[in-house]
Amino acid sequence: MSARKVTKIGVLTSGGDAPGMNAAVRAVVRTGIYHGLEVFGIIRGYSGMIDDDIIPMDSRSVANIIQRGGTILKTARCKEFFEHEGRKKAFENLKKKGIDGLVIIGGDGSFRGAQKFSNEFDIPCIGLPGTIDKDIAGTDFTIGFDTAVNTAVDAIDKIRDTADAHDRLFIVEVMGRDAGYIALHSGIATGAENILIPESKTDMEELVHSLTEKEKRKKLVNLVVVAEGDEFGGANEVAAVIKKRIPQADVRVCILGHIQRGGSPTCLDRLIASRMGYHAVECLLTGKHNVMVGIVNNNLYYTPLDNAIKAKQKISEEWLKIVKILAS
Ligand code: ADP
């Protein structure tokens, strides 16, 4: 690996979008310019690298975006980047512009692509964890999680009001195909009776039993929060079983869906995105290769992209215990 001094850097957002990506882009652009680097924005993730959709960024180009959800650079999933030919094309476009360092804001898939690309073409790549799922190891925070979970909490609080008015049982589905963090955090924060997540086995018998018990005790308002990737299925599947087993229950389903991805990022997401974006450029300037910038115990923490890809952040047993005790 080379330790050349970088002079021109590219920044892209890739994979699933997450609120706070704009704040990270802004931090990368302005820190780069502060250090005298030329900074380029790559549009639609790796697709823009392959299609040569690469634009120069100045300080003004990232004005007024710190509070905006989505990503001004757009994001995409790019099939061609899985192939060596696609990555070669991307490299040639970077070479043409003299770009010698990259900041990739995305999830583990994007890091997988970055790792391959960097190994093949010797371009230092720095990853910033941008995902609402929070399932990346090596960081306490991922850009977008706090906003997504607060959106879910706001929506579930509203559902609780109407559930209470009618004594209904609501099964609320939140995002999380492989990770239960949004379900776990939003479920605890809204006092859900049960939380079903992909990381722990769903015991349907136990769920039906606990809901029946609560009904007997006249605890009528019930909220069950389900991650979309729970192994039993999403909210519709869970509701179907409960309706069958507890026919007298007035069961409703609410799937929160994509509202969890949008909206203005929270203060926390803006702060971590700004801090991570700043340090991504520092990494490139100090010759770091292929690391993800994370924050652990309020300190900067660098994880080789390889490890960030392989290891998943684990759900702590303590949280699962808290759910059981507090929902009684
Ligand atoms: P996320 O970054 O949110 O996990 P994806 O898994 O969709 O999102 O990955 C984003 C993009 O990263 C993919 O569309 C692809 O272009 C690139 N990518 C993902 N995995 C690989 C891989 N194994 N090899 C090359 N590129 C990859």
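**Sheet, hairpin and ligand site**

Helix H9 (residues 267-285) lies across strand S1 (8-13), strand S4 (101-106), strand S5 (125-129), S10 and S11, and runs at about 140 degrees to S10. Helices (H or I, at least four residues) and strands (E, at least two) are DSSP runs numbered from the N terminus; contact means heavy atoms within 4.5 Å. Axes are lines fitted to C-alpha atoms, for helices over the stretch in contact, with angles from 0 to 180 degrees between N-to-C directions. The model is predicted: local features need pLDDT of at least 70, side-chain atom pairs count only at pLDDT 80 or more, and totals for chains, interfaces and linings use all residues. Residues are numbered from 1 along each chain as its sequence is written, and side-chain values use heavy atoms, leaving out hydrogens and water.

**Sheet**
- An open sheet of 7 strands has the order S3-S2-S1-S4-S5-S10-S11, with mixed pairing (strands pair if DSSP finds at least two bridges between them).
- Strand S3 (54-57) and S11 are at the edges with a single partner strand each, so one side of each has no neighbour in the sheet.
- On average, neighbouring strands of this sheet are turned by 30 degrees against each other, direction ignored.

**Hairpin**
- S10 (residues 291-296) and S11 (residues 299-304) pair in the antiparallel sense over 6 bridges, and Val296 has Asn299 in S11 as its bridge partner.
- This hairpin has 2 residues between its strands, and Asn297 in the turn has a positive phi of about 50 degrees.

**Ligand**
- The ligand is surrounded by 16 residues, each with a heavy atom within 4 Å of it; the closest are Arg77, Cys78, Gly107, Gly109 and Ser110.
- A polar side-chain atom of Arg77 lies 2.5 Å from a ligand oxygen atom.

Note on methods:
A polar contact is a pair of N or O atoms within 3.5 Å; within protein, one must be able to donate a hydrogen and the other to accept it, and residues adjacent in sequence count only if both atoms are side-chain atoms.
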